[in-house]
Structures are given as structure tokens and as C-alpha cells.
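Reader: Before I use this model, could you take me through some of its local features, one question at a time?

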Amino acid sequence: MAKLAAVQHQRHPPSSLSLLPSSFSDFNSTRLHACIQYKRKVWQPKGALCVTASSTKKILIMGGTRFISEFLSRLLVKVGHQVTLFTRVEAPIIQQLPAFAVSRRSVMALILSSCIFSQIGLGDIAFAEPSVGLREYIDTFDGYSFKYPQNWLQVRGAGADIFFRDPYVLDENLSVEFSSPSSSRYKSVEDLGPPEEAGKKVLKQYLTEFMSTRLGVRRESNIISTSSRIADDGKMYYQVEVNIKSYANNNELAVMPQDRVVRLEWDRRYLSVLGVENNRLYELRLQTPENVFLEEENDLRQVMDSFRVNTVAS
């Protein structure tokens with residue numbers, strides 16, 4: 001008998017905040033986390049929603065709001081489950097069930113994902129957010145275009161020509177910059193040299209922007225990959241990936257060395273796409289925490305591949 005209980009509770013605030021120096025390529029804040037507890041003390045707040053299921057497709061829904069309970073029961077009936085609906089759950093019943101705490105967002109994801117119940121067992125459910133899809137941004141005045149996750153928000157005054165960021169993972173963002181044709185006359189991205197030389201220049205630029213006057217700050221960096229490609233517009237683009245880690249002392253003014261403990265502040269992946277048009281060098285920048293990159297690599301690479309530079313009518 002496989003049983004599952006989902007408890008809807010109030011979201012707790014983040015346990016810690018990390019405020020770092022600000023620049024448009026180091027646009028920092030705190031990532032929001034959903035807290036999941038296993039085998040903890042279980043309580044029954046107002047609006048608790050409990051679901052139990054068995055291999056015989058018999059499901060018991062107890063508690064929760066009337067809308068959530070009825071909507072979930074209708075979805076389960078459509079995929080062949082026998083559903084028993086109760087409007088009130090006694091606390092002793094909940095305490096007998098294996099339980100975990102999930103956010104309101106995860107509960108709604110469970111309700112709307114009826115296909116999960118028809119394809120896999122309830123004991124194997126994982127709360128995963130699907131890709132949100134991409135939206136195209138076109139700047140006809142400056143001559144470039146790209147696609148970005150459609151739930152990202154545009155931020156004005158960030159220092160770049162255009163800036164978007166993830167509303168949930170605030171360390172994750174993208175921006176576009178370009179050179180002035182009055183100060184440089186680029187004919188091709190190959191004017192930067194081979195991709196390896198371009199990668200060194202990109203990394204040097206990042207480290208220059210991240211320079212800090214704080215005591216005890218140390219940055220570790222390495223170039224992960226450099227490459228070139230011919231896009232469907234016939235133009236050549238360079239792609240550069242670098243990793244940068246920032247370390248700092250927990251007590252910058254401590255006199256004794258043993259009181260200055262070095263800790264990792266952040267670990268990020270930086271992705272740059274370089275292209276030339278209109279005698280300008282264009283750069284699309286993507287910044288993301290290293291652990292987030294592993295989860296969203298496919299979407300981020302689609303953003304990189306979508307970057308185009310276009311001729312501006314004079």
C-alpha cells in the first residue's frame with residue numbers, strides 16, 4: 001500500500017541573505033528555495049490537503065479547500081481512479097501517514113499534472129517544473145535579437161542595453177552589450193582572433209568588472225570552453241563559457257589569521273555569445289549559478305543559439 005500526504009503550509013523566509021557588490025554582470029540577490037521535510041512532526045493547519053493512494057487505484061482525498069479537493073478528484077476519476085472525498089481530516093489520521101511538507105506552488109502543480117497519475121505510480125511522483133518556453137526579443141534600432149525564458153522580467157537601469165532576469169533565481173540573468181562604431185570598426189568576429197583568444201579577453205573583462213576593494217576577497221576562474229559556429233543567417237558567432245568562484249573571509253578585520261575563515265560566496269557559470277554587424281561587436285551574456293546551470297542547461301543553450309545580429313538601415 002503506497003500512501004502520500006501533502007500538507008499545505010505557510011512559506012518560511014530564507015534562512016540567510018547574501019548581499020554582494022552590484023554591477024549589471026554581477027546582479028545579485030538571494031535564490032528562493034522550497035522547503036521539503038521528511039518524517040517531521042506533522043500538524044494540520046487550516047486548509048490541509050491529504051491524499052492517499054493504493055496500487056488498486058483507490059484514492060482517499062481528505063481536507064483542503066473545497067475547490068482543490070473537488071478539482072483533484074475529478075482529474076483522478078478521469079484517469080480511472082476510484083476517489084473518496086472527505087471535507088474534514090482528523091489529526092490522528094494524518095499522523096498515521098508518511099508525510100512531507102510542500103509549498104502551495106507544488107500542491108497546485110500536483111493538481112494540474114493529471115498525466116502523472118495515468119503514466120506512473122503515485123509513489124514515484126516528483127514535483128518538477130516544466131520548461132516555461134521562450135519568447136523572442138527583437139531590437140530593430142540597435143540590430144540584434146534573441147530568445148529568452150518567457151517568465152523572465154526586464155529590468156531597467158541595470159547598465160546594459162537590455163537586461164532580463166529570472167524572478168525566482170535572482171542571480172540568473174542575461175544582458176546584451178555592443179561597442180560604439182565610432183571607437184572601433186569591426187568587420188568580423190574573427191577580428192578578435194581565434195575563439196581561444198576571444199575567450200581570454202572575455203574572461204579578463206569579467207574579472208575586471210568583478211574587482212573588489214574588500215579585504216580578503218579572492219576570485220578563481222577558468223575557461224570551460226570556446227567555440228565558433230555559422231548560424232542560419234550566414235554569420236559567424238563565437239561562444240565562450242567560463243566559471244568564476246568568489247571567496248571571502250568571514251571576518252575581514254580580524255587580527256589573528258585563525259579568525260579569518262575563507263568561505264565560498266558564489267559559484268557561477270558565465271556564457272557569452274559574440275557577433276559582429278554594423279561595424280559593432282555585440283555580446284549576449286548569460287549569468288547563472290553553477291548548480292542552476294546543471295538543471296537548466298538545455299534552455300540556456302537555446303537562448304545562446306538564438307542570438308542574432310542584424311543590419312541596421314542607415
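Author: Ala 248 lies in strand β13, residues 236-249, where helices (H or I, at least four residues) and strands (E, at least two) are DSSP runs numbered from the N terminus. This is a predicted model, in which local features need pLDDT of at least 70, side-chain atom pairs count only at pLDDT 80 or more, and totals for chains, interfaces and linings use all residues. Residues are numbered from 1 along each chain as its sequence is written, and side-chain values use heavy atoms, with hydrogens and water left out.

Reader: Is Ala 248 buried or exposed, and what is its relative accessible area?

Author: Buried means under 20% relative accessible area, exposed over 50%, and partly exposed in between, with a 1.4 Å probe and protein chains only. Ala 248 counts as buried because its relative accessible area is 2%.

Reader: Which residues does Ala 248 touch, not counting residues up to four places away in sequence?

Author: Contact here means heavy atoms within 4.5 Å. One of the residues touched by Ala 248 is Val 261, and the C-alpha atoms of these two, 13 residues apart along the chain, are separated by 8.1 Å. With that residue included, Ala 248 touches Arg 214, Gly 216, Val 217, Val 261, Val 262, Arg 263 and Glu 265.

Reader: With which side chain does the side chain of Arg 229 make a polar contact?

Author: Arg 229 has its place in strand β12, residues 218-230, and is classed as buried because its relative accessible area is 18%. A polar contact is a pair of N or O atoms within 3.5 Å; within protein, one must be able to donate a hydrogen and the other to accept it, and residues adjacent in sequence count only if both atoms are side-chain atoms. The side chain of Arg 229 also reaches the backbone oxygen of Met 304 at 3.2 Å. The side-chain partner, at 2.8 Å, is Gln 239.

Reader: Where does helix α6 bend, and by about how many degrees?

Author: Helix α6 spans residues 290-306, and Met 304 is among its buried residues. The bend at a residue is the angle between axes fitted to the seven residues ending there and the seven starting there. For α6 the bend is at Glu 296, by about 85 degrees.
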